[in-house]
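Thanks for asking me to look this one over. Here are my notes, written to be read with the structure open beside you.

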Amino acid sequence: MWAAGAQTVWLAAGDSEHWGLTSVWPFLLLPLSLLPWVLRGQMNFPHPALQGLPQDPLSAWLDRLWKIALSLLVLALSLALSGPYLKAQYVEKVGRGAHVMIVLDRSASMNEAFANTGDQQARVPKMAVARNVLKTLVAQGHDDLMGMVTFSTSPILAAPLGNDRGFVQAALDATEAGGMGFTAVARGLGMALDYFADQPVTGARAMVLVSDGGAHLDGKTQDMLRAMFMRQKASLYWIYLRSESGVSLKQRLAEGENIDAYPEYALHEYFQTLHVPYRVYEAENPEAVKAAVNDISKLKNKPTRYLEPVSRQDLSQYAYALAWLASICLICLYALELKRWQA
């Protein structure tokens, strides 16, 4: 009961949302801080006529200092043993960057190379190229909030939106296992957009889609995805990793040609109807992917506000430091004390 009562008093004296104590039993030692003012610990020397001694103001002040230092030592040790700490909290900071969700295609086609040519670099799997370049993008954006969703047949949240770079880097390392399944791009974009929901717009929002293929979206899915983009006010950047057999988005289809035969082209046409800023980067080799990522890193360099987590801080070290100062003061005063009467 006494512990609950002391905790209540302690919390009532401060803001419990920001700091706390690990234990309250050390406060039982607080009455000991009054002992120097009640008891006398100085040495006694016999003298035939104390009234004949002159007044010594310096000794009187040193005696008061001794009592204050001893009381302070007890108070500081009691406070240090109680383990005061500041709770983990978030600190708002302002920087330049954006809130970026990376949407990475992990379908089986990402295991293929850009082209079946003799060029050694062009034969590197697209997934490996995308992974290495995205790591550079993540390392550059110090003030960005970043998250990542991977998708094939189904989307998977690899890293939630936040400023933990290590989380996103680890998620990119996990893609070394290779891809599988089909390209469900709409479900991947939808999951990524959900992480902007219920969050204040404190900076530019960007979706970076890295994929080598397209998909046909039915009318209902198109309307739903368009509404989500407009509601979350997110820009879309698509790094299209074009395979040797893939269609070029830079060329228009011939008149009368069926667009359903080219899902990448159909997806590109649909993205232009989202009513949000949209840009496509068609990459046919690793160098083009690097150029696209560098371009995106410049575009998202805008003022942004974000919350940085601050871990719990132990405050007992300051109380121990105060106890050390009081102890040093007591040692010095003890050295000044008269040990033997000299007439």
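The points below go from the overall fold to individual helices, loops and side chains.

1. **Overall picture.** Please keep in mind that this is a predicted model. The protein has ten helices and eleven strands. Of its 343 residues, 41% are buried. If you take the contacts between residues at least 6 apart in sequence, 79% of them join residues at least 24 apart.

2. **The annotated segment.** The UniProt record, an unreviewed entry, lists residues 318–336 as "transmembrane region". In the model, that stretch is 100% helix and 0% strand. Its end C-alpha atoms lie 28 Å apart. The annotation comes from the record, while the helix content and the end-to-end distance are computed from the model.

3. **How H3 and H10 pack.** Helix H10 covers residues 316–336, and helix H3 covers residues 57–81. Their axes come within 8 Å and cross at roughly 155°. That angle makes H3 roughly antiparallel to H10, since the cut-off for that label is over 145 degrees. The crossing of H3 and H10 is left-handed. On the H3 side, the residues making the contact include Leu-62, Leu-65, Trp-66, Ala-69, Leu-73 and Ala-76. On the H10 side they include Ala-319, Tyr-320, Ala-323, Ala-326, Cys-329, Leu-330 and Tyr-334.

4. How many disulfides does a search of the whole structure find? The search finds zero. Cys-329 is in no disulfide, and the nearest cysteine sulfur to it, that of Cys-332, is 6.7 Å away. Cys-329 is among the H10 residues in the contact with H3.

5. **Helix H8.** Is H8 largely enclosed or largely open? Seven of its nine residues are buried, so H8 is largely enclosed by the rest of the structure. The buried residues are Glu-264, Tyr-265, Ala-266, Leu-267, His-268, Tyr-270 and Phe-271. Among the elements covering them are helix H6 (185–194), strand S7 (205–211), H7, S8 and S9.

6. **Helix H6.** H6, one of the elements that cover H8, is itself largely enclosed by the rest of the structure, because seven of its ten residues are buried. Those buried residues are Val-185, Ala-186, Gly-188, Leu-189, Gly-190, Ala-192 and Leu-193.

7. His-275 is exposed at 62% relative accessibility, whereas Val-276 is buried at 14%. His-275 also has a phi near 65°, which is a positive value in a residue other than glycine. Leaving out residues up to four places away in sequence, Val-276 touches Phe-229, Met-230 and Ala-234. The C-alpha atoms of Val-276 and Arg-231 are 10.0 Å apart, with the two residues separated by 45 places in sequence.

8. **Arg-226.** Apart from neighbours within four places in sequence, Arg-226 is in contact with Tyr-270, Thr-273, Leu-274 and His-275.

9. **Lys-233.** A positive phi also turns up at Lys-233, where the value is near 55° in a residue other than glycine. Lys-233 lies in the loop between helix H7 (219–232) and strand S8 (234–241). Its relative accessibility is 60%, so Lys-233 counts as exposed. If you are checking backbone angles, you could look at Lys-233 together with His-275.

How values were computed:
Residues are numbered from 1 along each chain as its sequence is written. This is a predicted model: local features need pLDDT of at least 70, side-chain atom pairs count only at pLDDT 80 or more; totals for chains, interfaces and linings use all residues. Side-chain values use heavy atoms; hydrogens and water are left out. UniProt positions are given in the numbering used here, feature names are shortened, and annotations may be inferred rather than shown by experiment. Helices (H or I, at least four residues) and strands (E, at least two) are DSSP runs, numbered from the N terminus. A disulfide is a pair of cysteine sulfur atoms within 2.5 Å. Axes are lines fitted to C-alpha atoms, for helices over the stretch in contact, and angles run from 0 to 180 degrees between N-to-C directions. Angles under 35 degrees count as roughly parallel, over 145 as roughly antiparallel, 65 to 115 as roughly perpendicular and the rest as oblique. A crossing is left-handed if the near helix is turned anticlockwise from the far one by less than a right angle, and right-handed if clockwise. Contact means heavy atoms within 4.5 Å. Buried means under 20% relative accessible area, exposed over 50%, partly exposed in between (1.4 Å probe, protein chains only).
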